[in-house]
Amino acid sequence: LVTLACPLLFKEKMTAKNWLCFIMSTLGIVLITGIGDFSQGKSNIVGILFGLGAACFYATVILLNKFIKNVGGIQRTFLQFLSAILILIPYVGFTRGFSLGQLTTIGWICLLIVGLVHTGVTYCFYFSALKELPGQKAA
């Protein structure tokens with residue numbers, strides 16, 4: 001999605017290599033999902049729709065960040081996390097939710113490592129690089 005949108009929105013060039021990568025990845029998705037084989041019934045279609053929805057949201061994140069200028073990686077990361085919190089609060093409220101009181105010490109340590117290192121630091125690097133890279137390379 002990003003590969004196709006970037007030439008239209010940002011006037012980035014589509015090289016033969018970009019087209020080949022796009023075609024091969026699209027073919028790979030078709031082969032993995034088994035489009036045309038609906039023997040699994042409705043659950044297969046729902047899974048594909050969730051995957052397409054996730055792809056659209058991910059493409060939106062990349063494309064919106066390409067429009068943001070003069071904002072550093074840490075600030076971009078903070079804005080992304082703030083947006084995620086605002087979106088997830090209603091979801092947690094309408095479902096069983098999540099109780100931090102149930103976490104053990106090891107659970108807290110793992111949660112902090114995932115939150116700070118695997119999410120915070122890597123997102124900071126990612127969003128810092130995103131403003132410098134063409135959209136196709138970021139995708």
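Residues are numbered from 1 along each chain as its sequence is written. Since the model is predicted, local features need pLDDT of at least 70 and side-chain atom pairs count only at pLDDT 80 or more, while totals for chains, interfaces and linings use all residues; side-chain values use heavy atoms, with hydrogens and water left out.

Start with the largest pocket, which holds about 800 Å³ of space. (A pocket is an open set of points on a 1 Å grid over the protein atoms alone, where a 1.4 Å probe fits, with protein on both sides within 12 Å along at least five of seven lines; lining residues have an atom within 4 Å of a point. Points are joined across faces, edges and corners, and the volume is the space filled by probe spheres set on them.) It has 24 lining residues, and Leu1, Phe22, Ser25, Thr26 and Ile29 sit closest to its centre. (Helices are DSSP runs of H or I, at least four residues, numbered from the N terminus.) The lining splits into 15 nonpolar, 7 polar and 2 charged residues. (Ala, Val, Leu, Ile, Met, Phe, Trp, Tyr, Cys and Pro count as nonpolar, Asp, Glu, Lys and Arg as charged, and the others, Gly among them, as polar.)

Now for the second largest pocket, at about 560 Å³. Of its 16 lining residues, Phe57, Val61, Gln80, Ser83 and Ala84 are closest to the centre. Here H3, H4 (73-94) and H5 (105-130) each supply at least two lining residues, and H3 gives the most, with 7. This lining has 12 nonpolar residues, 4 polar and no charged.
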